[in-house]
Amino acid sequence: MAVPLRKATGLYLADDVAAAVALPLWHNSAMDGYAVRAADTAGAAPGSAVELRIIGEVAAGDGVDPRLERGTAVRIMTGAPVPSSADAVIPVEQTAADVVGAAWAEHRVLVRREVVPGAHVRRRGEDAAVGSLLAHSGERLGARRIAALAAAGVSEVSVRRRPRVAVIATGAELHTGSGPLERGQIPESNSVLIAGLLAEEGIEPVSVSVCDDDAEGFAARLAELAGEVDAVITTGGVGPGLHDIVRIALAIEPDVRAVRVAVKPGQPQCFGRLRGGAMIFALPGNPVSAAVSYELFVRPALLRMQGAGRLHRPSVPAVADHGWRGSAERTQVLPVRIRSTPHGLRCSPAVDARGYSHAVGGHGAADGYAIVEPGRGDVSAGETVETVIVAW
Ligand SMILES: Nc1nc2c(c(=O)[nH]1)N[C@H]1C(S)=C(S)[C@@H](COP(=O)(O)OP(=O)(O)OC[C@H]3O[C@@H](n4cnc5c(N)ncnc54)[C@H](O)[C@@H]3O)O[C@H]1N2
Ligand code: MOO
């Protein structure tokens, strides 16, 4: 879909974008000074100044093109078009004026240094030629890229639309109101987490709801959403428990699989496509498991739906400040605090590595995750691990 450039921040390009005009648009001055013919400054030196006659002035925004004859100069300001008959600019500081004490000359300027052709001239197209590609399909339109396109005369871009996403947190224990917590109740946080993670990607969920462990009500809500949205993200209810209604409701879906992924935390999940058309990402209820699963599986899928060229964040090595217990058979994804030092990144566990799928508090202080491959065993202080920074 085509959108005005100024409304496209955070969206992904559907097409390559070429410069509509050259950058810079025309030869222009890099300095406040005098436009000259470089040849006219031949022999100029501190002891033997060359005098040039001033025939005019060009300020930024002026459309004039004064014609320089031999031995003449034009006052010119930064960004103004260099007269077609000039080939260099001399900064005002490298000249002397015809009035004692004045910075700028009125009629004649004294030049005390030779200049070469092209000096202080920003050449047409030196940054980008007309028609050259400034952005490519699949790239995210950040502020810098948008500014580049605006400068190159682009006013509209073709982008992929953001996916429509619904979020449902499930669990009879979840308390969303402001009243007192009864025994067995906990404040609901997963829908806040998932809606927030979506917002970080620029996606405003079309609906966010919290559902108690009523299997029929959940199935009905899911059927309703399946035809309306591109993806449904649920949390909780995927374990083998008696009340794990998400797993139970999804069992009748032919294109949804219940899996146990080899990641700690985040084992039980259900993924696939609902009969109504939407993708379903049924994440485990433990808050850190839900966050890790979103990062590993949901975020890349949502980026893919938008045609993004980069699906994964870069992983960066960091040295462990403190050791921790590893995970024998599964890939361990450990919330870590990360700090930058003159010798590189350092990391330390933000949670107790022995068990943290529930540790929503420590997870909140994490800057990223350490990704420890299966079979590596415990990580000792001083060892290097790969980390992915998710909040900084
Ligand atoms: N017998 C077994 N029990 C469990 C297994 C297993 O394999 N066998 N797996 C464990 C693992 S690992 C996980 S993860 C969980 C997955 O269970 P569910 O997806 O059914 O999650 P719940 O039981 O609904 O909740 C787990 C935990 O998280 C809290 N929670 C859930 N939703 C929210 C929310 N929206 N906001 C805040 N906190 C939430 C919930 O209170 C539980 O403490 O199963 C294990 N058990
Ligand atoms: O594998 Mo569960 O998702 O740890 O907590």
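User: Why is Arg108 called partly exposed?

Analyst: Its relative accessibility is 38%, and since buried means under 20% relative accessible area, exposed means over 50% and partly exposed covers what lies in between (1.4 Å probe, protein chains only), Arg108 counts as partly exposed. This is a predicted model, in which local features need pLDDT of at least 70, side-chain atom pairs count only at pLDDT 80 or more, totals for chains, interfaces and linings use all residues, and side-chain values use heavy atoms, with hydrogens and water left out. Residues are numbered from 1 along each chain as its sequence is written, while chains are lettered from A and ligands numbered from 1 in the order in which they are written.

User: How do you know what confidence the predictor has in the chain?

Analyst: On the pLDDT scale, the predictor's confidence in each residue from 0 to 100, the chain averages 96, and 100% of the residues score at least 70. For the complex, the predictor gives an ipTM of 0.96 and a pTM of 0.93.

User: Which residues are linked in a network of salt bridges?

Analyst: The network links Arg161, Arg164 and Asp230. Within it, Asp230 and Arg164 form a salt bridge whose closest N and O atoms are 3.7 Å apart. Asp230 is buried at a relative accessible area of 19%, and Arg164 is partly exposed at 35%. In total, the structure holds 14 salt bridges.

User: What makes E8 and E9 the edge strands of their sheet?

Analyst: Strands are DSSP runs of E with at least two residues, helices are runs of H or I with at least four, and both are numbered from the N terminus; two strands pair if DSSP finds at least two bridges between them. The open sheet of six strands has the order E8-E5-E7-E6-E10-E9, with mixed pairing, and strands E8 (88–91) and E9 (95–96) each pair on one side only. Strand E5 (residues 33–36) is joined to E8 by four bridges and runs antiparallel to E8, with Ala35 opposite Val89 in E8.

User: How do you know whether the length of helix H5 agrees with its number of residues?

Analyst: The expected span is 1.5 Å times one less than the number of residues, so the 19 residues of H5 (residues 287–305) should span 27 Å, and the end C-alpha atoms are 25 Å apart, which agrees. H5 bends by about 45° at Tyr294, the bend being the angle between axes fitted to the seven residues ending there and the seven starting there. Because 15 of its 19 residues are buried, H5 is largely enclosed by the rest of the structure.

Technical notes
A salt bridge is a side-chain nitrogen of Lys or Arg within 4 Å of a carboxyl oxygen of Asp or Glu.
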